[in-house]
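Let's walk through a protein model together, one corner at a time. Keep the structure open beside you as you read.

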Amino acid sequence: MFKSILVPIDLADTDLAKPAIETATTLSQNWSGSVRLLNVLPMTPVMLAEYVPADFDEQQRQTSEEALAIVARESGIDAAHISSVVRQGGIYHEILEEAAQMKADLIVMTSHRPAMRTYFLGSNAGHVVRYAKCSVLVVRH
């Protein structure tokens with residue numbers, strides 16, 4: 001049923017992602033599916049560009065790729081059934097783009113319990129749930 005599962009991860013808070021990774025691991029093993037871990041890097045603001053090294057974005061990407069590789073190894077999923085990717089841009093936009101590109105059957109992501117500010121502003125998880133073309137499982141933390 002779920003052969004292709006996307007798991008967006010905020011590398012600044014990997015503990016938050018653990019429930020989503022565990023859920024995706026179980027689902028992928030039950031359905032003989034694959035899991036793709038995704039980290040989205042923010043765009044470097046133009047006003048900061050002159051203050052950071054020329055290869056700042058590439059350094060950030062490499063650091064994120066290395067961190068995702070560690071998360072993938074620690075997930076317990078066979079290396080043939082897990083991959084990772086780093087994208088740069090708006091968080092929910094890049095999650096939706098990656099899900100469409102890989103033809104994901106399911107997006108598994110964690111979310112904090114709703115707070116008053118997320119009721120008014122919306123969260124990335126909320127945007128993904130509203131606009132994803134595939135099923136979305138939000139695991140509360």
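## A buried serine

At 11% relative accessibility, serine 111 counts as buried; the word buried means under 20% relative accessible area, exposed means over 50%, and partly exposed is in between (1.4 Å probe, protein chains only). You will find serine 111 in strand 4, which covers residues 106–111. Helices (H or I, at least four residues) and strands (E, at least two) are DSSP runs, numbered from the N terminus. The side chain of serine 111 makes a polar contact with the side chain of arginine 140, at 3.3 Å. A polar contact is a pair of N or O atoms within 3.5 Å; within protein, one must be able to donate a hydrogen and the other to accept it, and residues adjacent in sequence count only if both atoms are side-chain atoms.

## What kind of model this is

This is a predicted model, in which local features need pLDDT of at least 70 and side-chain atom pairs count only at pLDDT 80 or more, while totals for chains, interfaces and linings use all residues. Residues are numbered from 1 along each chain as its sequence is written, and side-chain values use heavy atoms, with hydrogens and water left out.

## Salt bridges

How many salt bridges does the structure hold? There are four, where a salt bridge is a side-chain nitrogen of Lys or Arg within 4 Å of a carboxyl oxygen of Asp or Glu. One of them joins arginine 87 to glutamate 94, with the closest N and O atoms 2.6 Å apart. Arginine 87 is buried, at 16% relative accessibility, and glutamate 94 is buried too, at 10%. Arginine 87 also forms a salt bridge with glutamate 98, and here the closest N and O atoms are 2.7 Å apart. Glutamate 98 lies in helix 3 (residues 91–102) and arginine 87 in strand 3 (residues 82–88), so this pair ties together parts that are 11 residues apart in sequence. Both glutamate 98 and arginine 87 are buried. Step back, and you can see a network of salt bridges linking Arg36, Arg87, Glu94 and Glu98.

Another salt bridge connects lysine 18 with aspartate 15, whose closest N and O atoms are 3.2 Å apart. These two residues both lie in helix 1, three residues apart, or about one turn of the helix. Lysine 18 is partly exposed, with a relative accessible area of 44%, and aspartate 15 is also partly exposed, at 47%.

## A pocket between helices

Lysine 18 turns up again in the lining of the second largest pocket, together with Thr14, Ile21, Glu22, Ala67, Ile70, Val71, Glu74 and Ser75. On a 1 Å grid over the protein atoms alone, a pocket is an open set of points where a 1.4 Å probe fits, with protein on both sides within 12 Å along at least five of seven lines; lining residues have an atom within 4 Å of a point. The second largest pocket has a volume of about 190 Å³, a volume being the space filled by probe spheres set on the points, which are joined across faces, edges and corners.

Helix 1 (14–31) and helix 2 (56–74) each supply at least two residues of this lining. By class, the lining has four nonpolar, two polar and three charged residues. Ala, Val, Leu, Ile, Met, Phe, Trp, Tyr, Cys and Pro count as nonpolar, Asp, Glu, Lys and Arg as charged, and the others, Gly among them, as polar.

## Two parallel strands

Now look at strand 1 (residues 4–8), where five of the five residues are buried. Both of its faces are covered, with Ser4, Leu6 and Pro8 on one side and Ile5 and Val7 on the other. Strand 1 runs parallel to strand 2 (residues 34–41), and five bridges join them; two strands pair if DSSP finds at least two bridges between them.

Which residue of strand 2 is the bridge partner of serine 4? That is serine 34, while leucine 6 stands opposite arginine 36. Six of the eight residues of strand 2 are buried, so this strand is largely enclosed by the rest of the structure.

## Two loop residues with positive phi

Serine 32 has a positive phi of about 50° although it is not a glycine. Serine 32 sits in the loop between helix 1 and strand 2 and is exposed, at 55% relative accessibility.

Lysine 103 is not a glycine either, yet has a positive phi of about 55°. Its place is in the loop between helix 3 and strand 4, and lysine 103 is exposed, with a relative accessible area of 65%.
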